[in-house]
Amino acid sequence: MATVIRSADTLTRDALAVLQPGFTGTTAPDWLLRRLDEGLVSVGLFGRNVHSPEQLAALTGQLRGIREDLLVAVDEEGGDVTRLEVRGGSSFPGNLALGAVDDTALTRDVARELGRRLADCGINLNWAPSADVNSNPANPVIGVRSFGADPLRVARHTAAYVEGLQSAGVAACTKHFPGHGDTAVDSHHDLPRITADLATLQERELVPFRAAIAAGTRAVMSAHILLPALDAEHPATLSPAALHGLLRAPATDGGLGFDGLIVTDGMEMRAISAIYGIERGSVLAVAAGADAICVGGGLADEDTVLRLRDALVRAVRDGELPEERLADAAARVRALARWTRSAGAGEGAAPAPGIGLTAARRALRLTSVTPFEPLTAPAYVAAFTPLANIAVGDDTPWGVAAELSRLLPGTRTATYTAHDAARTGPADLVEALLTDAAGRPVVAVVRDVHRHPWMADALHTLLTARPRTAVIEMGVPQSPPRGTPHIATYGAARVCGQAAAEALTSASPHPTARG
């Protein structure tokens, strides 16, 4: 009887060890502390858990009071996707801005400073960087989160980012394997399908992942995408062909030879949950080769943890999931937790507080030949605002209005959405906009205008009526309008807005390079 009880306890602890759940609140709930004591090794943090760096450090200290060898993970890409600065905007530009500068030393320094700040807060696993090659400009979920559309550029900056982040004692989790850049569907909502053949996959999507593995990335995150050329039935997260046959397999067998931790993307995303359910999906993911189940972005309660724990235990007992596979996955999670303790948690990483703004300034591009007169009086900022994707969230402020108001007190702003355009039509929308502007110089701020016909129509109508309107593109720049000043920031982080506002007012040198 004692052997059975011990085996059952080990199985339960292993099942808990592979979970990376979230929770609500800025202090740890009692149920989470109990599960840490029972074998949970990882916790995922989101914007809802963050109030200040001091509060966050206290929270992670509270968690480590129960389990010292704990992985505290966060989705902190910088740029558009921030959790540490969700309420004010990131102090770091995102990947596309760094790729536009194309200085790997700068990328490494930015990642090191970001890692230092994470480590100071007690976070030791970052679900970043995105190594996706943004080969599809219409991609609704990657965009500025990518270093660009060139696989080699993405590869060298992915490697630099991994090196910088891990030099601060924070494990990198390179994502979204085997590459989410050629999708036209957001996997938060549905299952994307990529029709690329294996040769294209090898020459494009996999190039940055090889670079990340060579740079020593401690973890890789799988994508909920279907690649029929690789596996016609299962999305990559649930595919043995993708996780074991491609990611784990040695190079001599056509694989990438990765031996670190494989983490799933959020299992509550509809690409998995709507088709398989999170319990069934989690079992299939571990069986396919995943080591850690990310869940908690939308599900953040004890019931979810218990349901997944029990589903994994039941799958082992029913013979659907080999016990050795679950034990191996749990061992890899614990091994990464041990690595983070020995990596120094940011010790020796010298602070570089201004590096993010420096990078944002260097990324600015004047993408039209039309010069503009520096703003010297209060302006009117018209923010054409698309619906934010779930990865970015709609709580994080963006744009140039706040920074421009600081430089030019009295500056006014208004937000215009697809609903406004559908309700009034572009002509009436622009007429109302110009009436509200009351003769002030207008600054139009857009985000991925090429993906939003309503935004393109409204912008065209505005530029026809007011040709000297300055346009700030804070998404992926595509075919800037002619005959009007146009600045690309390559991202919507707070520092990108600050750099653009400085350029508009000559508070810093204007961008001159054409992109």
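**Charged and aromatic contacts**

A: Helices (H or I, at least four residues) and strands (E, at least two) are DSSP runs, numbered from the N terminus. The model is predicted: local features need pLDDT of at least 70, side-chain atom pairs count only at pLDDT 80 or more, and totals for chains, interfaces and linings use all residues. Residues are numbered from 1 along each chain as its sequence is written, and side-chain values use heavy atoms, with hydrogens and water left out.

Q: What makes a pair a salt bridge?

A: Side chains of opposite charge can pair when their charged atoms come close. The rule here asks for a side-chain nitrogen of Lys or Arg within 4 Å of a carboxyl oxygen of Asp or Glu.

Q: How many salt bridges does this rule give?

A: The count is 36 salt bridges.

Q: Is Lys175 buried or exposed?

A: Read the relative accessible area: under 20% is buried, over 50% is exposed, and in between is partly exposed (1.4 Å probe, protein chains only). Lys175 counts as buried because its relative accessibility is 2%. Glu77 is buried too, at 6%.

Q: Where does Arg153 find its partner?

A: Arg153 meets Asp102 in a salt bridge, with 3.6 Å from N to O. This pair also links distant parts of the chain: Arg153 belongs to helix H6 (residues 151–167), Asp102 to the loop between H4 and helix H5 (104–120), and 51 residues separate them. Arg153 is partly exposed, with a relative accessible area of 28%. Asp102 is partly exposed, with a relative accessible area of 28%.

Q: Which residue pairs with Arg325?

A: Asp328 does, with the closest N and O atoms 2.8 Å apart. Both lie in helix H12 (residues 323–342), and their spacing of 3 residues is about one turn of the helix. Arg325 is buried at 14% relative accessibility, while Asp328 is partly exposed at 30%. Shared partners then join Arg248, Asp259, Asp291, Arg325, Asp328 and Arg332 into one salt-bridge network.

Q: How many aromatic pairs are there?

A: A pair of aromatic rings is described by the distance of the centres and the angle of the planes. Rings of Phe, Tyr and Trp (its six-membered ring) pair if their centres lie within 6.5 Å; planes under 30 degrees apart are stacked, over 60 edge-to-face, and the rest tilted. The count is 5 aromatic pairs. One of them is Phe177 with Phe209, edge-to-face, at 5.3 Å centre to centre and 90° between the planes. Phe177 lies in strand S5 and Phe209 in helix H7 (residues 198–214), so the contact ties together parts 32 residues apart in sequence. Phe177 is buried at 0% relative accessibility. Phe209 is buried as well, at 1%.

Q: What is the geometry of Phe384 and Tyr416?

A: This pair is tilted: 5.7 Å centre to centre, 35° between the planes. Phe384 comes from strand S10 (residues 380–384) and Tyr416 from strand S11 (residues 412–416), so parts 32 residues apart in sequence are tied together. Both residues are buried. Phe384, Tyr416 and Trp454 form one aromatic cluster.

Q: Which residue lies over the face of Trp398?

A: A charge sits over a ring if NZ of Lys or CZ of Arg is within 6 Å of the ring centre and within 35 degrees of the ring normal. Here Arg447 lies over Trp398, at 4.7 Å from the ring centre.
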